[in-house]
Amino acid sequence: MAVTADSQVVIIGSGISGIAAAHRLINAGFHHVRILEATARSGGRVKTGRLGKNITEIGASYVHGPSEENPVFRLARDYGLLDPQALTPENQAMDIDERPPLVPNFFSSLGRRLSTERMSPALKMFNELVDETSQFKNKKEAPWATVGHFIRSEARQRAAERWRDEDKSSRELLLCAVSARLKEECCVSAAHTMDEIDLLGFCMYKSLSGLDCTIPGGFEGLIKNLMSELPSDLVTYNRPVRCVRWNNTENGGNAVTVECDDGERIAADHVILTVSLGYLKKHHSTLFCPPLPPHKLHSIKKLGFGTCNKIYVEFESPWWDADCDIIYLVWKDEEDILDQVSDISKSWIRKMSTFTVLKPSESHVLCGWISGHESEYMESLPEQEVRCSITELIRTFTGDPTITPRRILRSQWFLDPWTCGSYSHPATGCSEQDLENMIEPLPREGSQSQPLQVLFAGEATHPCYYSTVHGALLTGWREADRLISHYVGPCCHPDQKR
């Protein structure tokens, strides 16, 4: 164990992936572990805020697939952070493929409420199509390149068959509702358009059983509990890293030197890098010396990383039903099944087709979801302008010119210099090999240099749970276990799954 105790490990990033790696290493007997965090807080893209008395999630919102297979669920349960309902065997056994059974309300841009019964065929057909993408799992090719092309093509064909007895206006309205659902799906993937999501790559994602749940006291409660079990001086905050110099061969010293923005140089045997894929895409050329190998750089460029933002809106009184979970805004002129706007500066607000109702809530709060370039443009606007756009949107769809939001709170993940967006997705043309390349440590296996100098963790490095908190956590464990195995032999953790 002596070699383990003396090994210097630097973890870059104090999000849940970096925290998970530190936990594993310290528990295994590594005595020289340090986390460098560019900001003043731990948590990364897990970030809880407040709107008045209401807890709001600026970052991760849901425990996706809250069941025994999900380590985030197990931790949250053990820390006592979950509602009793989420802990029931019935809840954990539900196989809903990450599509909770939500009660919808529909509103039209003509300023009137639409019948749920009338609109439900559109939701049913769209959900069928998303489910049917699984037929392409493990296939080498598909008739359509992207999820968007598949859904648009099949939706038009099925609409012509299923709704042929509907009058023209009813048929078009249903197709407009499909557009609203397609924009919502862009938020799920943090994509500008589903035409950018590879159809075969889309099938690499794996859902866990269980009805998605929230952490009532805020997702940051999980971070605080994890941090309380680590040494208080483990994390150095406000310490951005300028460059990771690897493959050092001078004087037989440490193989890696981490250069910080403030000039500090930290010698290390191993570095676990947990920065976002968005940050890697933007800064890879200056972050590594020598540069990343071509195959890894190629995969970083091929994998997708996009923006999904939330705008929380508080009202004096609800204009939706008491049992409503989700609100769809259906634009009357989107029968061509659109998921992006033509003029972002004028019409960015049209990308926001979905509001979820905040429950439980101390007041009347909705969470609007918006993704893509429209979402990024929204971040650049003054808050008052965003509030005015939301007010106009709600008044247009309800037909009530008196509705006025009390206040709003928005996320701005694209402008965050340390994330450069929200989370990853399988962009057109990417493959499992690209994810394998992302995971591969530096230097490559077979090199004569010291092994495992730079290791890569974070949600974008998980082959089937990318974009999730549990995926990020598992990759932190994975890279810690890689180091533990290097020094003391294979790890035996039942919860460690790639």
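Helix H2 (residues 16–27) packs with helix H10 (residues 220–228) at an angle of about 25 degrees, and their axes are 10 Å apart; axes are lines fitted to C-alpha atoms, for helices over the stretch in contact, and angles run from 0 to 180 degrees between N-to-C directions. Helices (H or I, at least four residues) and strands (E, at least two) are DSSP runs numbered from the N terminus. H2 is therefore roughly parallel to H10, where angles under 35 degrees count as roughly parallel, over 145 as roughly antiparallel, 65 to 115 as roughly perpendicular and the rest as oblique. The model is predicted: local features need pLDDT of at least 70, side-chain atom pairs count only at pLDDT 80 or more, and totals for chains, interfaces and linings use all residues. Residues are numbered from 1 along each chain as its sequence is written, and side-chain values use heavy atoms, with hydrogens and water left out.

In this pair, Ile16, Ile19 and His23 of H2 meet Leu222, Ile223, Leu226 and Met227 of H10, contact meaning heavy atoms within 4.5 Å. By class, the contact of H2 with H10 comprises six nonpolar residues, one polar residue and no charged residues; Ala, Val, Leu, Ile, Met, Phe, Trp, Tyr, Cys and Pro count as nonpolar, Asp, Glu, Lys and Arg as charged, and the others, Gly among them, as polar.

H3 and H17 pack at an angle of about 95 degrees, with axes 8 Å apart, and are therefore roughly perpendicular to each other. Here Pro71, Val72, Arg74 and Leu75 in H3 meet Val469, His470, Leu473, Leu474 and Trp477 in H17. Seven nonpolar, one polar and one charged residues make up the contact of H3 with H17.

The largest nonpolar core has 46 residues, and those with the most contacts inside it are Ile11, Leu25, Phe219, Leu222 and Ile272. Such a core is a set of buried Ala, Val, Leu, Ile, Met, Phe, Trp, Tyr and Cys residues joined through side-chain atoms within 4.5 Å; buried means under 20% relative accessible area, exposed over 50%, and partly exposed in between (1.4 Å probe, protein chains only). Two or more residues are given to this core by each of strand E1 (8–12), H2, strand E2 (32–36), helix H3 (71–78), H10 and helix H17 (469–488). H17 gives the most, with eight residues. Leaving aside neighbours within four places in sequence, the contacts of Ile11 include Leu25, Val33, Ile35 and Ile272.

Leu409 lies in strand E18 (residues 407–410) and is partly exposed, at 21% relative accessibility. Leu409 and Gly49 are 360 residues apart in sequence and 8.8 Å apart in space, C-alpha to C-alpha. Val147, in helix H7 (residues 147–162), is buried, with a relative accessible area of 1%.

Most residues other than glycine have a negative phi, and most peptide bonds are trans. A cis peptide bond joins Cys289 and Pro290, with omega about 0 degrees. The bond from Lys359 to Pro360 is also cis, with omega near -10 degrees. Leu452 has a positive phi of about 55 degrees and is buried at 13% relative accessibility. Ser467, in the loop between E20 and H17, has a phi near 80 degrees and is partly exposed, with a relative accessible area of 25%.
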